[in-house]
Structures are given as C-alpha cells and as structure tokens.
Amino acid sequence: MLSASLLVAAAILAQTPREEDFYRIETLKLPDEVVLEVGGILPLDESRVMACTRRGEVWTITNPWSEKPIFTLAFDGLQEPLGLAAPEGVGKGKPIYVAQRGELSRMFDDDGDWRIDRLETVCSDWSISGNYHEYAFGPAIDKNGDFWITLNRPFGSEPFGPKDWRGWAVRVTRDGAAHYDVAGLRSPCGVAASPDGEIFYTDNQGEWCPTNKLAVLQRGEFHGHPHGIDSAKRPESNVEHPGAIPDGILMPDAVKRIPHLRLPAVWFPYDKMGKSASGLAWDTTGGKFGPFEGQIFVGDQHHGSVMRVALEKVGDEWQGACFPFRMNFQCGIVRVAFLPDGSLAVGETNRGWGSRGTKPWGLERCVWTGVMPFEIHTMHATPSGFRLWFTKPVDRTSAADPASYSCKTYTYELHERYGSDEMDTQPATVKSATVSDDGLTVDLAIDGLREGYVHELVAGGVRSADKIPLLHADAYYTLNKRPK
Amino acid sequence: MAACALGLAAGWIAGCGDGKPAVDPRWHSRDGEALVARSNCLACHAADDATRDRIRTVAAPRLLGGKDVASAVSLRTPEYLRAFLAAPHDVRPGTRMPDALHGVAGTEKSGVVEDLVHFLMSQAGDAPQHGAAAVLPEEIARGKELFRTIGCAVCHTTLDSNAERARLAGATSHAALAAFLRDPLATHPGGLMPDMHLTTEEANAIAAFLLERQSKDGATKAPGLRASYFERPISADGVRDDDLAATRVFVHPALDFDFPRRNDEFALRLEGFVEIPTTGRYTFHLGSDDGSRLAIDGKELIDFGGVHGFGWKDASLDLDAGMHRIAAAYWEVTGDEQFEVEWEGPGIERGPIPRERLFHEAVQLAPPSSTFAVDPARAERGAAAFTAHGCAQCHMGAPPKAKPFAELDPEKGCLAVAAPAGAPRFALDDAARTSVRDVVAHASSLSSPLKPVFVVEHAMLRLNCVACHARGDLKPPREHDAFFVADGSAELGDQGRLPPSLNGVGDKFRPMALASQLADGTKVRPYMRTRMPSFGDAAIGDLASTFVKADLNPKHDGEVAFTAESAMAGRMLAGSTGVSCITCHTCNGRPSLGVPAIDLATMHERLRPGWFLAFLENPSEFTPGTRMMRFWLPNEKIFNDYCGGNAVKQREAIWNYLSLGDAMPLPPGLQSIAGQYELSPSSEPIVFGTFMRDVSPRTVCVGYPELVHVAFDAQGGRLAKAWRGKFMDARGTWDGRAGQLESPLGKNVLEMADGPAYAILASRDAPWPATPNAYRGMTRDAARRPGFALAVGDLSVVERPAPVLKSGGAWLRRTIEASAPEDRTDLYARVAVGRTIERDGDAFRVAGKRIMIDTPGAFVRTSGDVSELLVPIDFKYVEGTNPPYRATVNVDFDW
C-alpha cells in the first residue's frame, strides 16, 4: 500500500512539477511599525541580516526567520539607499558601504551593538537635481576594490537644475575619487560583481532600452541611452562621445554603427522573463542552494519573481541564457543576496511601480528543499548550435527527438519610443539532438543561428529518465558571437 | 437643625449632611421658574429688573424679517402656518407657544388667521420657495443615523415617529429645513434649538430623513450620476461592483473625477442613466491611468483594468433612443491619475458625454404644492392682528402691557384651568400649572437673587441641559441613555458614551475654557458621537462665571511653579517609563496605545491646576466610576527615579509637562503608525533625508522629541533651518514615486544665514568667504543625536544642533566642536547676519531672535547695511586627543 501511494504521488509529481516542491519561500514576519521597503541586503552573520530601506532606514534584524524576529533601527536619515556592501567583513569598526542618492557613504558600528554610530561621506562628486528618479544603485566592488555605482536618469522636473553624469556608471576608488567609466544607462537597478570581480548590471526597458537586460560594465563603453551622453564632453569622462544615436535601428546594426556600444550579455524578453529586472547575485553557496553553483539569480520588480542566468564568454563577448526560476513571491523584488546558510534572501517593494503579489514590502528567502528539480542547467553555444546540460539524466528517447524542441530567433530595435517589440523573428530548425552517454547533456544542431539575436528554445518534449517534464522548458540565449 | 439652617445661610456647601443640595427658602419651585422663563411670562407681565435677572427669558423665534434679516417664517409653508395658528396645540403638541386666538369666534377666526399668514409670509424676504429636492437613499439613512446619535433625539423624543414626520412633511421643504439645521440660532435665538455644528452634508442628510415622508412613490430621474467614492488601498482590479463600503456617496454631474478627493489609492464608481438621443451605433472611449471599466445596460462594454499609464480603449454597440443604464468604474493606485469617458454616435462628434444626458435614480422630496401670493391688504390687517393678539410681545419684544407679574392672581388669566378669551392659552398640565402658580404666589421673593448654585440649576432646566447632563439631584431621564453612542472602537464604557456630569465643573475648568465650551460647544471628546451644541451668547450669558462662583474650591486656584527639569520628569512619568498616560490618552494629536481618551496637550488650557493635582491623587473621589486609575496610594512610593520619589512633586511634574501644550515633546513609548507619513519623534530623534524646498536636494532633517527641529544642508555643508511644533510630513518623500520638495511641517521657522557658518579668516576684518564648508558625514551620540562633520580648510568642525528645554518651549543650541592640529586663532563661526544686530545684556538681538553665546569674544562687524555676528574659536590643548587642540562653543537661539 505504501508503495502504491508513493507511486500515486510520483505520478502527480510527474504530471505537474511545481516550483515550490524544490524551492520554498519563507517570509520575514514584520511588526506593524516597520516599513521594510528593501533597497539593500547585507548578511551579517548566521543569525543577523541588515537591510536598508527606501525610507532611508537601516535595520538590523536578528533571527529573521523565527517566529519573533528582533528589529533594531541601526540608522536613519539616508536618502533612498539602494545597496549595502561590506568588503572588509562585518563587525565592530568595519565599514559598511551604502549608495545614497547623492553620495557613497560608509557606516561604522563603533561599539558592536549592531547600531550605526558614524557615517562618513566617501564620494559626493556627482550631483542630483531633486528628481525622484535620480537613484544611485550599489556599490558593487570590483577585483581592484573599486566601488561601482549606477546612476538613473531623471524623469520630469529637475527643481535644482539638470546635472551631469545621469545614466552613467561611476567607479569610486579608495581615495574617494570618482571615475566616470561607462555611459548610456537608463534605469540600472541592479549592479553586482561576479566571483571574479567583474561588474555586471541590469537595466530596465524603456526609451533607448528595448527590453530588460544584463550587461557587463567596462571602462569606455556606451550602452545605448543618450540621455546623459553630453557629459562625455567633460574632461572627467572616460567615455568618448559616440555622436548622434540613430533612432530606429536593429541592435545587430547598432553595434556596428555606434562607437563603443556594448551589447548586453543577456536580453530578458519582455513579459516572458519579467518586466523589470533588478538585483542580481551569483550562487557561491557551494551547492547549498541546489545545483546552480556559479550561476546568477536576478530579481524582477514587476513579476515578483527570480530568474536564473548562466553566462559564458565567447571570445571577448559575455553571453548566455536566462531561464525562469521561481515565481509567487509576496511582492516585487528589488534586491537578492545569498545568506550564509545558502538560502537566497529577496528584498521587496512595490512602491511607485506596481507588482504582482499581495504585500507592499518585505523580506523573504528562497530555500532549496533538497529535492533536485529537472531543469535545463546550462545552455552553451557551439559552432553548430547549443549544448544543453540537464540537472538530471534525460529520457533518451524524448531528448534525442528533434521534435521535442522548438526554436526561434529575434532581436530588438534601438529607438526612443518606449520598449521594442521582438523584431525580425524567424524560426530556427533543430536538425538533430545527440544525448551524451551519461544522459546529462544534449547537443543540438540548429539551422538558422544568427549573431546579435535572442534564441528562444522550448524543450517541451524532453522528459527526464523518470519521465518527468522539465520544471521550466523555456530558455532564452542571447547569441552575440558564434563560437568557432 | 440649627447648624443646618446656619449652613444654608452661609451657602449650601456647608451642607445638611445628606449630600443633597438644600432648597433655598426663597426658591419655591425651580421647575416653576424654569417654566416661567420658557413660557416667556415676563414678555407680557412687567417685573422689576431683579426679577427679570433671576427668571430670564427664552427668546421666541424671530418672525419679522425682510431682505437682510432671516425670519423663522421662511422655514414654514403657508399651509402649515395657517393650521398652526388656528390650533397650535393640536398641530404641535407641547409647543410653548400659547394659543392666542382661542377666544376668537369661529367665522372671524379663519379671517384673522389668514391675515396673520399673509403678514407673516410678507416677512419671509427673499427666502427661496419651498421647492422639490432630489436626494439619495443613502442620505436618508445617514440622516437617520445622525439624528439618533448626535443628540437630536434627546430633545426631539418623538420626531422620528411616523406621525411626527408626517406633520413635518407638510410643514417645510428640504432646502428650508437644511438651512435651519445648519444655523438654527439665526432665526431662533432662544437657544432651545441649539447649533449642532452640522456640515452642509449632515444638515442635508438629517433634513432628508425628517422629510422622508414627502417622497413620492417610485424613483425619479434627477440630473447627475450617483457617485460612490472609495479611499483605501486599491487592488489592480479596482473595486467590486457590489462593494457597498464607500467612503462617500453623492451625486456628481459628469463622467469625470472632478470633486474633492485624494490623489492616490482611491476608486470611484459612477452609476445612472445616459439618454441616447437617436437610435444608432455608438462608440464609447474610455481613457484612464490607472484602471477603469465601462458597462452599458448592465453588460461590460470596456475592460481597461490593471495598474497602467494613461491610454484609451473603445468599443461600439447599437443603442435605441432613450434611457440606458451606464456604470463606469475607475481606480488609481499611485502616480499620475486621469479618467475620461467620451462617446461618438449618429450626428455626434467624439467628445465628453454632455451633463444634460446623465441622470440617476433619486428620491424626490416635495412639500405639498402651494401657490401662495401675499395680499398686501390682508398683510396689513395681519400686522394689526399681530399686535392686537399679543404675538408682538414675544416675537417683537413689545413692552409688557398685561398686569405686572407681582400682581397676578395665580388662579386667573392664563393660569386659570380654562383660560378666558383674551388671555393666551398655554399647554400646561396640572403639575406644570401648579408649579407656575407657586412661583406667582411668591412673586415678591423673586427680586432677591438666587445663589450661584441655583442660578446654574435654573439655567440647566431653562435650556434643557438636563436632557444630557447630570448635576446634583438633576439627572437626565434614564431612557435618554439609549441616544448616547460611542464612536467606533472606543472602549471607554459609559464614560465614552454618556455626556459628562456637570458636578464641580466650575472647580475643574479654567473659566475661559468653560466659557468657550458653553458658547462654542468645543469638542474635546472625539470618541463621543453625541455633540455638545452651541446655545449662543444670548442664551448662555455669564453662565460660565456662575459655575465658578458655585463650585470653586479656593484651594484649587493658583498655578504650579514651572521648571524645565520638572517638565522633563513629567514627560517621563507620562510615558511608558512612568504612569503611562499614553496608554489611554491621545498625546498631542498622536493616538494613544489604547483607547482615545482626551488629548494630554489640551488639558493645561482647560483644567485648573489645583483641581488636576487633587484629581490625580484620587480620581474616583471626583468622578465616581472613572476609568482613570489611582496611581499614588498613600504612603507608597513609586518611580523613585523621578522627583526623588516625592508623589506631590511627581504630580506637579506631570502638570508642568502638560503645561507645554502643543509644544509638548512626545513621551517615551508612543509608536509610529504604519501607513501614516507624519514623523513624530518620541523616544529618539528621527533623522530624515529629503529634497528640501529652498535648501537642497541633499537635506538631512532632524526631528527632536523636544519639538525643536533642524534641517542640515549636506550639499551646502551648513545648518539651514530650525523650527518648532510638528516635524515633517514625509508623504512627498515616501509615498508613491515621491520626489516632492518638502518643507517644515511646524511653525516659527528660523532661517540660518546663507553661506558657510565657519571660515578661516586672515584677520577679524577679512570678508566672509562664499566657499561652502565640505560635509564629511554624521555621528550619533549615545542619545542618537546627530552631529554633522565639516571640513573648514584644514580644520574640522562638528556641529550638533539640538534643543534645550526652557519654560514655554525649547531653545535651539548649536554646539560647535572644533579641532586643530596646532593652536590656531583664525577660525571663526558666523552665527547671524542681519541689518542690525544689537547687544542685549549678555545676549544679541537679530530680527526678533535672541542669541546667547557661552564664550567671550563674540563681536558684531558691519559693512554697508549688513551686520555679522562672529565668534572667534579659542582652542585649548587637550592631552591625549588627536588632533590635540580642541574648542567647544554653545550658541543658543531663542525665537
């Protein structure tokens, strides 16, 4: 009887694998008087996490996932802090860096009571005009120990007058000097360093940003948005002015015509992969979070979801695929951070920009249940198509059948109008699917690969060896460069 | 008994031992004297001034009007006046107006009545005709609820009966009755119908309820749409069609949202009929930011739901000419808001639907139709009758012409069981007649004044205060209890529901507070639905000071000496660190932790200090059954940290704290309220970063519990402003996408001089530089008060602006802490700039503020018409510090 009921359960699972079977969500219980519109998350130790909020408060939360978490107001009076970083570790006297609208600051707890006693201005070289959209995100710390901050462009009135460097990424060195390294950003809500210390950011669809994207930040490059580009004429600029930006040009052409234009490593096709990409974090949990070590987890403010990205470098070009990962958080997600126990904390707010979910703010964490999901683990470009890694051995019959896959390609147009449709869409043909001996990888040979295009692959027919369909069958690979 | 008699002679406070007020031997019938006043006997019967002072009168409604003077006549239809004059006691049982025409023979009487009606109607002036009104069913329901809860029903015990409302239905119109309810004292100065402080909306609702019987069968279509407006968090799907929990329901003339409302988190439903002019195909366009829906004839035509930016959607359908149901829903979550509905159809270009095509289902209220025209000849005859039949005595104040009051025979005239022709006939039952006769029989004693305690009782009976309030042996009828209702969740028991007893109020309240309470009906108990009305100055007179004369215990007069230390101890005692007044009492507008008992910040101006201290010692001695606790038991010490544990000093400390009024710093223990944006510092300072108008987009505001607050400009590296009272409303920074420029919420804004506050000068005369001091960050001390770090050339300054508590409110102290690597004499602080700066003893005066500096050497220098107050910073070597040269200067601002 027992085995019979297990069989029934397995059959149900086989029918409908659900995200919550593999990754559960736990919610921080908030007292009425704490408005936790999270702008930054900093894990402090095994039992404490720090969060800064859009209201300018910094909270130390002790035993956050217990029935009675303890909230300590560590600091207040910051202006829309949207990131926390502690490059020297946390503890008494160690600096915690925070980006405010108008400055990069560092905060010190001098007596070890988890409250901030001192704040120092590190850099306030850029300016703000008093516009709500002039957010500063970060800092992310690169391999040299420099601090990267991404600056939003303003929308609407600028009561204290327009300012330079909006839509730029600024790098602040330890001496507090500002270096204006990258231009052409729009609303770059997420900025983070890879484990190797390279800096990546996410940007939000709108004018001159055809859809949400993930891109690398490298000195001297331009990312397509002309709002603040005239600051490039200033002597402090490390970006050569790209000249006039053509309005209405497909991205593969734009990269040829616009000097120093950096293509994103990953486009997030609109609505299929969220509507408002935000914070990002690399899984460095050593397997505590499941099988995706080294991959990037990206929040979405509109969908209240977390997406997954697997990057590779082809030549000098970062590129890769994004996958759906987990939906149904209580609110739009702005920040993600891995906690010491290997769970993924997500910080939430829906203020000003509506989101799915039932709550206006909060902090949750996503915990691997220990059950292995059947997922496309990685999608890499090959000279003839793509190689897929799966998290579990595949059913050889379905995985070897080209009809189990469908693929199409499209790109985007760079233009001033808000967002771009998927442009120049064409089908690509899966000619063959070759399953490895261990059943974990499949090589797809595909006709119709195109550089500069998103390759949307749906592996709807693939089953695992135990006949379970994929938890998420779709993957979106941005093919900037075909490997030779 | 001898002692008792002596006691009476000395005043009743000495008492007879049984706790009941003794009867003044010269006061034969307090009920009778109240009746004599209410019946206005002295309008006809002359009396000496002393008697008039004692009895008073209750003025009759003002009937004579004209262009600029409101007349009570305008409240009534001519049909009602005719019936009422012919038989006042039949038409309105219990009216205090006597029947003056009962002796006029039948045939002649109808003529006299008609003449009087014409005369009275000629006095109505420009009052609007008694027309029809369209009201919503919700208004009638709301009126009924108001009538039964705010106090109307306490006096008008039968008015919500069907019979009474049927009488009213023929008597007046909705517009006239609503106007009267809004301002009854304008035409009825006697105060028997006091001013209930009704809003127009409330008066309309109560009038709609009272005139409900005027409604015709079936609904009528009236212009405009029925609007349901919702203020609350709104989901992306808007508000359900069957949601009845609207914040307001009213009639709105057009398909738009042009009415008073907030800008975020609201929804609107507009329902009614659209009149289609010609049969054909119509296209409706729906534009909104955020969501909206449109239904025609009960079927959804356009669904434009969600939370989105502005856009249009349209749909078409065939419609026959005539009325069709229309329902539009709109909702706004956050950000910009826009809502438009347009149509196009046969011969109609695209545009808004004209208002004259929109209707809603309404209840029509109309008095019986009437075509009355004043006949001047009859009106002239009526004027003569008005005088001849004695109406003018009460309604015009004509000199008394009947027999003097002191010479009246208690058995005759109007006091006869059957009043003879020529004498007015009052509606007196036997008991009432007996008590009036008793007064008349002892008329000679009326010229001696009543003792204050009886004057109060007389007033309470005359004005019917006793319908609500008890005092001594006067008590409201038990059945009135049903009309007193607490608001919402206030769990205050009967104390939160029943109007307070008036025992000892002349002792409890300061005379000014009592006077304003009586004259204006000041509301201090937000948890009670029942309202304290205004009776008007004419009716109240000097009643407040009479209460004081009757009640004051001389021991309770006088003030308590103020010290800041005592007030601050009182603050701790009022908070969760002490007896925790904030558990029950609202504190300076901030809700308590529990029930909403009277605001602590209003007590000082209302209460007599001596009474308060005695009350605090043992509350139930003053207010039996009070929920207020006795905190200090005899011979028991509590809270030894404050005032050395001395209970008397602790109670005085609480009083001193209350004496700060709306400058009262919030005590420890109050919590902030989620969803509200006003920042109210209580235990620790609140630091708030924002865009500040006229300062900079990088402004750090600090709110202190002592209610002096500052704004520091991090961009300009200077203290920019200080102010008193409320701190900040953070809505513009914390609500929606925010980004508004904020301003201080409080008052008395003190502007600091522009430019840097610190400079290194080559000499005392060197010009003050314009280069800002560089902001270097912020420190927080043990009390979490911030200090702002500045770089001034190669020197460092930390400025700590914070309040120091003084009597009547705090001063601002700018504590300047400077440090230098070597002994320097070239650092200066500039603490004021103005046209003139004058020395005032140890202080300086600049444009209405006083500045006190605790370091010698401050000097004023003047160039042209600009004077500057500079303080040279004098460093001292301090062993063991780095950098080793230190200076601290305190600069106090009193403004």
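Trainee: Why is B:Asn748 counted as partly exposed?

Mentor: Count its neighbours: B:Asn748 has 14 C-beta neighbours inside 10 Å. A residue is buried if 20 or more other C-beta atoms lie within 10 Å of its own, exposed if 12 or fewer, and partly exposed in between, with C-beta atoms placed from the backbone. So B:Asn748, with 14, counts as partly exposed. Before we go on: this is a predicted model, where local features need pLDDT of at least 70, side-chain atom pairs count only at pLDDT 80 or more, and totals for chains, interfaces and linings use all residues. Residues are numbered from 1 along each chain as its sequence is written, while chains are lettered from A and ligands numbered from 1 in the order in which they are written.

Trainee: Okay, and what is the phi of B:Asn748?

Mentor: It's positive, about 50°, although B:Asn748 is not a glycine. Most residues other than glycine have a negative phi. You'll find B:Asn748 in strand 20 (residues 747–751) of chain B; a strand here is a DSSP run of E with at least two residues, numbered from the N terminus.

Trainee: What makes A:Asn328 partly exposed?

Mentor: Again, go by the count: A:Asn328 has 13 C-beta neighbours inside 10 Å, so it counts as partly exposed. Its phi is positive too, near 65°, and A:Asn328 sits in the loop between strand 22 (317–326) and strand 23 (333–338) of chain A.

Trainee: How many residues does each chain bring to the contact?

Mentor: Chain B brings 30 and chain A brings 26, where contact means C-beta atoms, placed from the backbone, within 7 Å. On chain B's side, the elements giving two or more residues are strand 15 (686–690) and strand 22 (774–780). Strand 22 has the largest share, six residues.

Trainee: How do you know that strand 22 of chain B pairs with strand 9 of chain A?

Mentor: Two strands pair if DSSP finds at least two bridges between them. Three bridges join strand 9 (residues 118–123) of chain A to strand 22 of chain B, so they pair, running antiparallel. For one of the partners, look at A:Glu120, which bridges to B:Gly777.

Notes. Helix = DSSP H or I, 4+ residues; strand = E, 2+ residues; numbered from the N terminus. Contact = placed C-beta atoms within 7 Å.
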